[in-house]
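This briefing is meant for a reader who is meeting the structure for the first time. Please look over the sequence and the model, and then follow the points below, which are grouped by topic.

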Amino acid sequence: MSRDETYAKVMEIIGRYAKNKDALEGASEDTNILEDLKVNSARLVDVILDFEDEFDIEVADEDADAVNTVGDAVSLIEAKLG
Amino acid sequence: MSGVALSPAEVLDLLPQQEPFRFVDEIVEVSESRIVARYTFPADADFYRGHFPGNPVTPGVILLECIAQVGVVALGIYLVALEAGREAVERRLALFSDAEVDFSGIVKPGERVTVSAHRTFWRRGKLRSGAEMHLDDGTLVCSAIISGMGVSR
């Protein structure tokens with residue numbers, strides 16, 4: 001899977017929980033998931049679980065804690081996919 | 001601090017919600033994966049005066065709160081204590097975060113309900129449970145997927 005494909009799938013997953021649909025339209029790898037897209041912190045757990053299910057990876061809690069931007073999530077998943 | 005498996009009575013004792021907003025009388029069983037509890041809605045509860053005059057029915061939001069107190073708060077107390085001990089429970093407060101709910105019956109004043117919930121996931125301080133509420137005659141009143149998260153007090 002290319003980075004662009006991973007990015008598209010990450011955005012699709014985050015989009016399920018994002019409250020700011022306008023920010024979602026204009027998002028990039030630098031977009032902050034909690035602050036810009038208004039995903040609440042409890043929903044971030046759902047996002048991580050969806051990453052695990054849909055990319056078939058395991059994300060440790062410490063790795064999940066380091067995810068702030070969309071790009072952080074893409075890089076984490078790319079690293080897990082190898 | 002080492003973990004401890006609390007008894008049902010100890011979990012009930014640690015439940016922070018109190019009168020007039022406690023909707024759990026008794027915890028029948030609790031384990032890592034499942035909890036069962038009961039509550040009788042008092043016939044003289046204040047909300048029946050307005051919901052509805054002359055035709056009292058327990059509000060759906062109150063049924064949902066009852067399910068949340070059992071399936072998220074009480075089960076969460078058990079899980080936190082099991083991982084980190086009783087003191088860890090006392091340092092945290094569980095807040096309701098999200099739910100999907102279907103109502104399929106009504107609860108009249110004075111009726112007793114049984115709530116059974118099983119853990120769907122417990123990750124990073126967030127607990128999601130699948131739960132059902134039944135009347136004593138077996139009628140399904142409400143089913144829900146309900147989540148909450150612990151925050152520091």
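Read along the sequence, chain B follows the pattern α-β-β-α-α-β-β-β-β, which comes to three helices and six strands. The model is a predicted one, and the other chain, chain A, has five helices and zero strands.

**Chain B as a whole**

- With 153 residues, a compact globule would have a radius of gyration near 15 Å, and the 15 Å of chain B agrees with that value.
- The C-alpha trace of chain B spans about 55 × 25 × 25 Å along its principal axes.
- Of the 153 residues in chain B, 33% are buried.
- When contacts in chain B between residues at least 6 apart in sequence are considered, 68% of them join residues at least 24 apart.

**Chain A as a whole**

- Chain A reads α-α-α-α-α along its sequence, and its radius of gyration of 11 Å is close to the 12 Å that the globule rule gives for 82 residues, so chain A is as compact as a globular protein of that length.
- Along its principal axes, the C-alpha trace of chain A spans about 30 × 25 × 20 Å.
- Buried residues account for 29% of the 82 residues in chain A.
- Among the contacts in chain A between residues at least 6 apart in sequence, 51% link residues that are at least 24 apart.

**Helix packing in chain A: H1 with H5**

- Helix H1 (residues 3-15) of chain A and helix H5 (residues 70-81) of chain A have axes that come within 10 Å and cross at roughly 120 degrees, and because angles of 65 to 115 degrees count as roughly perpendicular and those over 145 as roughly antiparallel, H1(A) is oblique to H5(A).
- The crossing of H1(A) and H5(A) is right-handed.
- On the side of H1(A), the contact is made by A:Arg3, A:Thr6, A:Tyr7, A:Val10, A:Met11 and A:Ile14, while H5(A) contributes A:Val70, A:Ala73, A:Val74, A:Ile77 and A:Glu78.
- Sorted by class, this contact of H1(A) with H5(A) has eight nonpolar, one polar and two charged residues.

**Helix packing in chain A: H1 with H3**

- The axes of H1(A) and helix H3 (residues 41-55) of chain A come within 10 Å and cross at roughly 135 degrees, which makes H1(A) oblique to H3(A).
- H1(A) passes H3(A) in a crossing that is right-handed.
- This contact is made by A:Lys9, A:Ile13 and A:Ile14 of H1(A), together with A:Val47, A:Asp50, A:Phe51 and A:Glu54 of H3(A).
- By class, the contact of H1(A) with H3(A) has four nonpolar, no polar and three charged residues.

**Where the two chains touch**

- The contact between the chains takes five residues from chain A and eight residues from chain B.
- On the side of chain B that touches chain A, the elements that give two or more residues are strand E3 (92-103), strand E4 (112-123) and strand E6 (140-152) of chain B.
- The side of chain B that touches chain A has, by class, two nonpolar, two polar and four charged residues.

**Cis peptide bonds in chain B**

- The peptide bond from B:Glu19 to B:Pro20 is cis, with omega near 5 degrees, and B:Pro20 lies in the loop between helix H1 (8-14) and strand E1 (26-30) of chain B.
- The peptide bond from B:His51 to B:Phe52 is also cis, with omega near 0 degrees, and B:Phe52 is placed in the loop between E2 and H2 of chain B.

**Loop residues to look at**

- B:Asp44 lies in the loop between strand E2 (34-40) and helix H2 (60-84) of chain B, and with 8 C-beta neighbours inside 10 Å, B:Asp44 counts as exposed.
- The C-alpha atoms of B:Asp44 and B:Ser31 are separated by 33 Å, with the two residues 13 apart along the chain.
- A:Asp56, in the loop between H3 and helix H4 (61-65) of chain A, has a positive phi near 55 degrees although A:Asp56 is a residue other than glycine; with 9 other C-beta atoms within 10 Å, A:Asp56 is exposed.
- B:Arg124, which is not a glycine, has a positive phi of about 50 degrees and is found in the loop between E4 and strand E5 (126-135) of chain B.
- B:Arg124 is partly exposed, with 16 other C-beta atoms within 10 Å.

Methods
Residues numbered from 1 in each chain as written. Chains lettered and ligands numbered in written order. Predicted model: local features only at pLDDT ≥ 70, side-chain atom pairs only at ≥ 80, totals over all residues. Helix = DSSP H or I, 4+ residues; strand = E, 2+ residues; numbered from the N terminus. Rg over C-alpha atoms; globule rule 2.2 N^0.38 Å. Buried ≥ 20, exposed ≤ 12 C-beta atoms within 10 Å, placed from the backbone. Contact = placed C-beta atoms within 7 Å. Nonpolar A, V, L, I, M, F, W, Y, C, P; charged D, E, K, R; others polar. Axes fitted to C-alpha atoms, helices over the stretch in contact; angles between N-to-C directions. Parallel < 35°, antiparallel > 145°, perpendicular 65-115°, else oblique. Left-handed = near helix turned anticlockwise from the far one by under 90°.
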